[in-house]
Amino acid sequence: MMLTLPLLDAEEVRHARALLARAPWAEGRATAGAQAALAKNNEQLPADGDIQRELQQMVLRALDRSPRFLSAALPRKVFPPRFNRYAGDSNSFGMHVDGSIRYAEGGVRVRTDLSCTVFLSELEDYDGGELVIRDPGGSRRVKLPAGQAVLYEGTTLHEVAPVTRGARLASFFWVESMVRSAERRRLLLELDDALTALRQRHGEDASTVALVGTYHNLLRMWAET
Ligand code: NI
């Protein structure tokens with residue numbers, strides 16, 4: 001499953017960019033595992049700064065108010081969002097796979113079922129910088145307007161193509177889902193989408209109420225909380 005969703009509004013994106021313009025960037029390699037470190041050439045905000053803390057809260061609030069994110073990810077834990085910049089000589093992240101478990105502050109472990117990137121730069125402000133996600137059917141190249149996010153399986157090989165002009169700012173994080181299986185998550189999302197459409201067309205009737213029951217019984221069977 002790969003899906004794109006609107007996440008931050010224009011004001012939030014402007015605010016994020018204003019803060020990131022005066023942020024203390026550091027080498028991104030520091031937080032990569034041994035294999036990913038060889039491919040990683042970008043900059044990141046240090047984990048403990050005030051700017052990062054403020055922007056983390058902003059992204060987490062946006063996730064909480066996004067029904068699409070909640071129904072697709074069925075989040076159990078969200079890794080505190082990080083922020084990166086690709087520009088100048090620090091402009092790419094070669095093909096890699098994300099570590100399966102990420103360690104957040106306070107000893108919290110997050111299994112990386114899903115990866116998410118929130119694009120913060122305007123499309124006209126940089127060239128290159130596509131997120132390339134390898135898929136059995138071929139690679140998919142993702143580059144979205146500022147404020148939009150892409151959610152994709154944490155199991156995939158992926159890379160960020162070199163930025164050849166301007167700067168690409170983004171937030172990225174991982175989600176541990178209540179439903180570990182990607183196949184089950186996809187079925188639940190398809191059922192949820194079909195149900196939403198049915199209820200819009202027919203309102204609440206005995207059939208839609210019964211199907212909502214089926215959705216919740218499947219979720220109850222498959223979810224770990
Ligand atoms: Ni990655």
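Ser71 sits in helix 4, residues 67–73. Helices here are DSSP runs of H or I with at least four residues, strands are E runs of at least two, and both are numbered from the N terminus. Ser71 is buried, at 12% relative accessible area. Buried means under 20% relative accessible area, exposed means over 50%, and partly exposed lies in between, for a 1.4 Å probe and protein chains only. Beyond its neighbours within four places in sequence, Ser71 is in contact with Leu189 and Asp192. Contact means heavy atoms within 4.5 Å.

This is a predicted model, in which local features need pLDDT of at least 70 and side-chain atom pairs count only at pLDDT 80 or more, while totals for chains, interfaces and linings use all residues. Residues are numbered from 1 along each chain as its sequence is written, and side-chain values use heavy atoms, with hydrogens and water left out.

**Nonpolar cores**

The largest nonpolar core has 32 residues. Such a core is a set of buried Ala, Val, Leu, Ile, Met, Phe, Trp, Tyr and Cys residues joined through side-chain atoms within 4.5 Å. Leu20, Leu55, Val118, Leu120 and Leu151 have the most contacts inside this largest core. At least two residues each come from strand 1 (2–6), helix 1, helix 3 (50–64), helix 4, strand 10 (114–119), strand 14 (148–153) and strand 17. Helix 3 gives the most, with 6 residues. Leu55 is in contact with Ala16, Leu19, Leu20 and Phe83, leaving aside its neighbours within four places in sequence. A second, separate core has 16 residues, including Ala39, Phe93, Tyr126 and Val163.

An open sheet is formed by 5 strands in the order 3-7-15-12-13, with antiparallel pairing. Two strands pair if DSSP finds at least two bridges between them. Strand 3 (40–41) and strand 13 (140–142) are the edge strands, and each pairs on one side only. Strand 7 (residues 92–96) runs antiparallel to strand 15 (residues 158–160), and 2 bridges join them. His96 has His158 of strand 15 as its bridge partner.

**Salt bridges**

The structure holds 14 salt bridges. A salt bridge is a side-chain nitrogen of Lys or Arg within 4 Å of a carboxyl oxygen of Asp or Glu.

| Arg14 | Glu11 | 3.2 Å |

Arg14 and Glu11 both lie in helix 1 (residues 10–21), 3 residues apart, or about one turn of the helix. Arg14 is partly exposed, with a relative accessible area of 47%. Glu11 is also partly exposed, at 47%.

Lys77 is partly exposed at 31% relative accessibility, whereas Glu176 is buried at 5%.

Arg199 is partly exposed, at 36% relative accessibility.
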